[in-house]
Amino acid sequence: MTESAISYHRFSSQPDVIRSPQRGSDTDRTRRAFMLLTLTLFIPGGAQIAAGSKKLGRIALAVTVACWFTALLLGIMFLTMRGVVLSMLTQPFMLWLSAVILGALALGWLLLWLDTFRLIHFASLAPGMKPIVAVVLAVLMILTSGGLGYAAKLVNEGRATLGGIFSSGPGIPAVDGRYNFLLMGADAGEGRTGLRPDSIHVVSVNEDSAETIIFSIPRNFQNAQFNEDSPLNSVYPTGYDCGDECIINSLYTDVTNNHQDLYPEAEDPGAEAMMDAVSGSLNLEVSGYVMIDMGGFENLIDAMGGVSVDSGGWVPYRGPLPDGTWGDNWWAPGVYNFSGQEALSYARSRTFSSDYNRIQRQQCIQQAMISQFNPQTLLTRFSEIMTAGENVVETNLPQSQLGSFLDLAVDAKGQQIQRLVLGAPDFESEGNLFSTYPDFDLIQQRVDQLIANEQDDDGGAFGSAGFLPAQSGVLGVTLPTAVQASEQAADAVEEDEAPIDATPPPTQPDGSELTREFLVQAQLNGQVDILQEAASTNYLCEPVN
């Protein structure tokens with residue numbers, strides 16, 4: 001038998017020392033103190049059974065066993081019935097109950113620590129051990145009771161935030177085996193009258209397999225169609241076709257300002273109108289929407305502590321110049337940790353490039369946010385993130401379905417997600433005017449093809465039909481590769497934009513590399529060709545983990 005085992009046996013064979021520490025030596029009392037602390041840490045109630053009130057100890061031990069059993073049961077259920085667990089844990093009552101239970105456990109553990117402190121007989125400890133035992137006890141109290149109390153606070157804040165974001169209405173049914181959601185990135189800035197969604201996507205998810213198709217609608221898409229049952233047919237019987245004024249992103253403002261009476265029961269008539277427009281244009285029934293305030297992203301990114309990306313090209317923006325004044329500036333290729341304002345400027349920049357380049361950078365920022373949204377960030381900045389998130393998102397999705405949608409999203413991460421743009425480069429037309437004069441028969445035929453062939457091993461690529469399969473990424477979908485992007489960038493521009501050749505940035509006349517100062521001066525001199533060439537590769541961007 002080892003010396004430590006003999007010592008433990010000698011100590012444990014003296015029960016009178018455990019309940020009557022004054023009968024033991026200083027060493028015995030020190031060992032007894034750390035034994036009681038260890039029992040309270042790993043087996044709450046154990047210290048009371050050994051040296052205090054056995055009744056209190058049995059109650060605490062029963063609670064401890066119940067917590068272990070519940071945690072084990074939830075773990076097994078998560079592995080076998082993940083959707084049930086997620087649905088249960090995202091319900092308002094369950095979140096409230098969880099916060100109450102966590103708070104009660106924090107208080108109960110605190111009382112056990114205080115009782116353990118009493119049982120230690122602090123005054124009888126050797127003088128040199130008193131500060132050590134006191135510090136250890138304080139640290140353990142903070143880690144256990146404090147940790148549970150903080151968890152209760154987070155759960156309660158999450159409950160309040162989710163209740164403020166998600167609706168309490170009935171569930172959204174799947175249509176023909178699919179959930180179809182409208183995702184909008186909205187912006188009321190830049191001197192506009194009213195809010196307009198500049199980023200418009202329909203996410204169609206198979207309810208059984210979680211296979212996903214994303215349909216992207218350019219913001220300048222015209223002649224949007226409405227199904228027969230849409231109330232907008234009374235105003236636009238042939239579609240939203242009043243010319244350049246009727247691009248799809250203006251429909252939200254038009255209905256909000258002029259036709260709210262068509263949607264008397266809707267909390268957001270403009271969002272309902274946008275769902276009608278994409279439903280009729282794609283011939284898909286879209287019944288759920290999520291709208292993200294682009295300006296609100298600033299607060300969310302700041303709450304996360306910034307976002308890091310590796311930018312592969314020169315990106316123009318408004319900001320401080322080298323001489324300290326404010327004006328047109330450039331981000332050079334490199335790694336950046338952007339603040340919220342910087343990230344929004346980076347993602348929205350379109351000067352000297354195209355909407356296609358901007359879409360790439362927007363997706364890069366989104367990917368970076370998700371990849372950097374880790375448990376450490378969530379725990380250390382939870383309150384700020386929840387506060388910002390509540391001001392960023394608007395949706396008609398019910399909280400009662402949040403768990404099932406989360407479960408579907410987990411399954412979708414392993415799928416090859418497909419993507420189709422209702423315009424260049426996926427639809428070709430003379431002068432790249434497909435978004436201005438869309439062929440809805442062709443669009444709906446392509447939509448039907450993608451849905452019918454989503455099970456194909458090749459990801460449903462139609463080659464000559466103009467469809468390009470998307471690639472898996474942090475968000476589940478990214479734009480095509482850099483090579484494909486180079487070939488398509490010149491086509492993905494609006495009518496009022498000059499085609500941009502995606503060529504490597506030029507050098508200065510003396511052959512040296514480009515600098516921020518050189519580009520600022522070129523901009524002052526009006527050398528547009530140089531600036532367009534420098535910005536042609538600014539769609540290149542990767543999130544930094």
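Reader: With the side chain of which residue does the side chain of Asp 115 make a polar contact?
Author: The model is predicted, so local features need pLDDT of at least 70 and side-chain atom pairs count only at pLDDT 80 or more, while totals for chains, interfaces and linings use all residues. Residues are numbered from 1 along each chain as its sequence is written, and side-chain values use heavy atoms, with hydrogens and water left out. Asp 115 sits in helix α7, residues 92–120 (helices, H or I of at least four residues, and strands, E of at least two, are DSSP runs numbered from the N terminus). A polar contact is a pair of N or O atoms within 3.5 Å, where within protein one must be able to donate a hydrogen and the other to accept it, and residues adjacent in sequence count only if both atoms are side-chain atoms; at 2.8 Å, the partner is the side chain of Arg 118.

Reader: Is Asp 115 buried or exposed, and what is the relative accessible area?
Author: Buried means under 20% relative accessible area, exposed over 50%, and partly exposed in between, with a 1.4 Å probe and protein chains only. Not counting residues up to four places away in sequence, Asp 115 touches Gln 48 and Leu 56 (contact means heavy atoms within 4.5 Å). Asp 115 counts as buried because the relative accessible area is 13%.

Reader: What percentage of the contacts between residues at least 6 apart in sequence join residues at least 24 apart?
Author: The protein chain holds 20 helices and 11 strands. Of its 545 residues, 47% are buried. Among contacts between residues at least 6 apart in sequence, the share that joins residues at least 24 apart is 69%.

Reader: What distance separates the C-alpha atoms of Met 291 and Met 184?
Author: Met 291 belongs to strand β4 and counts as buried because its relative accessibility is 5%. Beyond four places in sequence, its contacts include Met 184, Ala 186, Tyr 252 and Val 392. Met 291 and Met 184 are 107 residues apart along the chain, and their C-alpha atoms are separated by 4.6 Å.

Reader: What is the volume of the largest cavity?
Author: On a 1 Å grid over the protein atoms alone, a cavity is a set of points where a 1.4 Å probe fits but cannot get out, and a pocket is an open set with protein on both sides within 12 Å along at least five of seven lines; lining residues have an atom within 4 Å of a point. Grid points are joined across faces, edges and corners, and a volume is the space filled by probe spheres set on the points. Of the 12 lining residues of the largest cavity, Met 294, Phe 297, Leu 344, Ala 347 and Ile 365 lie nearest its centre. The volume of the largest cavity is about 100 Å³.

Reader: How many charged residues are in the lining of the second largest pocket?
Author: The second largest pocket holds about 770 Å³ of space. Its lining has 29 residues, of which Glu 272, Met 275, Glu 285, Val 286 and Ser 287 are the closest to its centre. Here Ala, Val, Leu, Ile, Met, Phe, Trp, Tyr, Cys and Pro count as nonpolar, Asp, Glu, Lys and Arg as charged, and the others, Gly among them, as polar. Beside nine nonpolar and 11 polar residues, the number of charged residues in this lining is nine.

Reader: What is the phi of Asn 283?
Author: Asn 283 lies in the loop between α10 and β4 and is partly exposed because its relative accessible area is 44%. Most residues other than glycine have a negative phi. The phi of Asn 283 is positive, near 60 degrees.
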